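The sequence and the structure come before the discussion.

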Amino acid sequence: MIDFLLAISILASARHPHLYSTTADVARARFNAQKYEWAKAYFTAAQVEADKWAAMNDAQLRALIPPAGSIYAYGLSGCPICGANWPVWGANGIADISKPGLVICPKCRHVFPDAEHPDPGTGWHNPENGRDYYFIGVYNAHVAQMVTLHALRDLSTCYAITGDRKYSRAAASLFDQLADVYPTSIVGAFDYPNGDHNTGRLERPQYQVARVLVLLADDLDLLYDSPDFSAPSASGKGSVREYVEQNIIADGGKYCYDFVNTGKMALTNGQADYVRGALAAGIILDKKEWIDCALTGPYRLESFIDNCLDRDGQYYETSVGYSDHCLSLYTDMAEMLYNLRTPEHPNGINYYEHPKLQKALFKAGIDINCMGHTPRFGDWGPDTAAVTSDKHFSLCPYVFSEMLEARAADKAGRVKWAAARSYICDGEVEARRSDKALGDFRHWFFWHADKIEEHSGPMPKFDPQPILGGRGVAVLRSGEGSKGKAALLRYGPSLNHSHFDDLNLNFFDLGRELTYDLGYALGSAHVQVGWSKTTASHNLVVVNEKNQLTEPGSGGSAYFYVEKGPVRAVEASSEASYVSEGVKTYRRTLALIDAGKGSYLVDIFRVAGGNQHDLMWHFGGTLAGINGADMGNVEPGSLAGPDIEWGTKVIAGGDLAGCADKGTYWAAPPGNGYGFLYNVRRSTSISPECTATWKVDDKQDTASLHMLPEPGAQIITAKAPGIELSLPKPEYAIVRRKGHNLKSAFVSVVEASENGGAVRSVKRMECDADEAVGVEIETMDGTDYVLSSTKAEPVVFKTASGEAIRFNGLFGFLRERDEKIERGVLTGGTELSMASYKLTSDKAQYMAKVMAVDLKQAQLTLDKELPTDFMGQIVYINRGDYSHNSPYYIKSVNGKNLALAEDLVLSRGQIGTEKPVSADTIMNIVPLPRARIVSWKPSGYFRGKLIVNNRTGASSSIIDVNDDYLSIRVHNPGAFKPGDGFTIYDVQVGDEVKIPVSVSD
Ligand SMILES: [Zn+2]
Ligand SMILES: [Zn+2]
């Protein structure tokens, strides 16, 4: 009998916590707090804060919570007096609980509200500039964050570890009072861009509600069994626990669950947030349908993994910031599901064993890293930092390696992930656990990280993969760490959170991102919509002064990648991005070439179609001057004309002065960003080689750009704003060509150096073919020749000294030193010769047809045999009606059998019960994120691809995805019945494979 009672009591106490942490995790955290410095530091900091709250009485704690009916705000309008931009939500000392209801400008130190700027709680409207200022709203947001992100976290942690009721007593007061206002504080932040239509809870708009709800659910879970939560609520509505469950967990959970089912957010990061909010509330409240939305519905975690991560583990939203963020949402769900105990899943579900998620959590972060920088493309803050460390360390892969190690199903898995962790920490795992940069992840470490099992044996190596075919990214790299160089070319598709910047370049050298992508702050701000997101703000060619991606379609193909020191080169195109301008060629060839102590980058940008081509270049720092061009006086206005000048009008929050009436998401006319380019100067005369130099810092660091403008071209320089007042203002150098149905092949050479680089001069070579481009580069130790042609046809180039170079290939490189050819590289061709030097290849490329596909094993059977030495090389797979080709790494070759290194699944979905909208349509209910480009038009990405019924094995090919990004037109709709799951594959019988041959000596 006693045993039975004991068992019951153990079961009862084992019930909570069980959401993110279990009773075993509590025991581990207690041990960690005793044993390890990193855990001790985390706990001590929490205790210092928790003790402050615990010293306050019930009335004092309750008085902190803004009364019902209060509004909350970001503070996006900044300071009404000095115009300073304010950090959001009253951060950085703008608001403080010692001064209730007041905010202080961090710049001019003025305190608001005051007599001139009164705020009755609903904000102050400035009639002069039309802007609204929510001083009290900002203060309230600060308090809400202090309570939900800090006080309750620290109190619940300290209660769980010490069992001291002073912590649960204080937490109960705060939680009980918060529950009073939570379900009626439904606007979210008052100044969030969606204006009148916005919803949320407290200061959080929309899916951000989930970000706080999951924390509150975790806190309640840790405090659940405290007698202070069984005590009556001051509201008179049951116990504190019941009141919090009802008014916060159930209310927030329903908010999230209802949003999930609208399907409006498709499979974006916002939807992942809603799903995890519903899941957390569902687990706390034992609500099966809320739990099931993460397990069985169309928006289940599996759907996210299948459709949002590609074969390389890269995430689809076109910004690495969003990739990292969304992976943290997936692991957040994975954590909850690991601990899940339901009749259907008595032992939980371990998503950390999912191969694609594993790839995304670790290798994908290494593959995208550019010399210690997580590269900026699309919506993410700009990267103006200089890296000085040569370590492998990268935050997200590190944190995720800890999770993978902790959650590995067996010993082998733990050993594998411990080795990966050791690599990313350069062997210093213990030290990394104390890293302040871990931020909120430290909470996970505290509960879940165990003793570090040191990795013995040789350190594994994780070399970054240069071509990421799913994401459409190629990275050329030379060297490592802070002294390394990297050039990233993104050829699309440009999906959610992208900028209009197919074929943009990010270039890293001298420890920095020299190309300074302007990035992202507030998505609705005038400077974001009208400038930073436009094609013109980037380093690429703008056609007809128009943005890319105004018509359906985006993304293109890669043609070759070659890496044969001292050269790495790649070529890709994305004609789809300028369909609107009738562009037939939009193609970029990059070669990163080591010379002297550094490397230089050769860029050949081909464009055919349109009547004006503007090659845009900008780097961080200041444009110190241009050699080879005489520049005229500064023109009034902007590059859009003398009457428009937006570039100098950016104010706090990224809006434009005097444009409050334009509202949010407004693109200032003419809408293409040209109105932001001010201080315009145009060349009055130019020579065949013009060199612009940017001073990158206050030392000797420079970025030099050699431009080779053709006759009739013009060079334009201009200044532009960054996306926040505090950010550097980029300076542009633009090569402009005009003409009817224009054809351009712009040549540029970029070199960064600490005190003078290796490049002496750059010349365009004469040649006898239209498509071919040859560049002769004099360096401090010889002459390099870079040759490029889009067709492998015989071409003769003439060097500056009158010698002939015969070339038949896609890419060629020669290095001449002391009148001898020291190095030759030939890709996709048969001949490269100069004087007595000759480099040849029997074959330009191997081509074959796919006769059979093993879809599960990613093995192709071809119609002819391939040589065996292609292992590790790239095969390019295509077919007439596809929107793009697909590069795959070759795992092995055996006669006609070609095994690929990545899996072939593009997407997975399920047929719903709705009536088909047309006879050839199947009614898929799982959103297809790659079907929609950033401008919310169809991508054409799935056109022609193979779709297979998972139940019957029957297949069809896709005509296209409809513009609901769900339903799919197929050639054989009868093969799919309601309820059937299906898989879309990237490769099928009849596809063509190409492998360009590279030779060198
Ligand atoms: Zn101020
Ligand atoms: Zn950008």
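## Basis of the values

The model is predicted: local features need pLDDT of at least 70, side-chain atom pairs count only at pLDDT 80 or more, and totals for chains, interfaces and linings use all residues. Residues are numbered from 1 along each chain as its sequence is written, chains are lettered from A and ligands numbered from 1 in the order in which they are written, and side-chain values use heavy atoms, with hydrogens and water left out.

Donors are N, O and S atoms within 2.8 Å of the metal (3.2 Å for Na, K and Ca); water is not among the atoms, so sites may look incomplete.

C79 lies in the loop between α4 (58–64) and β1 (103–104), and C105 in the loop between β1 and β2 (111–112), so the pair ties together parts 26 residues apart in sequence. Helices (H or I, at least four residues) and strands (E, at least two) are DSSP runs, numbered from the N terminus. Both C79 and C105 are buried, meaning under 20% relative accessible area, with exposed over 50% and partly exposed in between (1.4 Å probe, protein chains only).

## Zinc ion (ligand 2)

H499 (ND1), D517 (OD), D517 (OD) and H538 (NE2) coordinate the zinc ion (ligand 2) at 2.1 to 2.7 Å. The angles subtended by these 4 donor atoms run from 51 to 167°, which makes the arrangement irregular. D517 and H538 are each buried.

## Helices α3 and α5

Helix α3 (residues 37–54) packs against helix α5 (residues 135–162) at about 105°, with the axes 8 Å apart. Axes are lines fitted to C-alpha atoms, for helices over the stretch in contact, and angles run from 0 to 180 degrees between N-to-C directions.

L223 belongs to helix α7 (residues 208–223). With 0% relative accessibility, L223 counts as buried. The C-alpha atoms of L223 and S156 are 5.8 Å apart, although 67 residues separate them along the chain.

How values were computed:
Four donors count as tetrahedral if all angles lie between 85 and 135 degrees; four count as square planar and six as octahedral if opposite donors are over 155 degrees apart and all others between 65 and 115; anything else is irregular.
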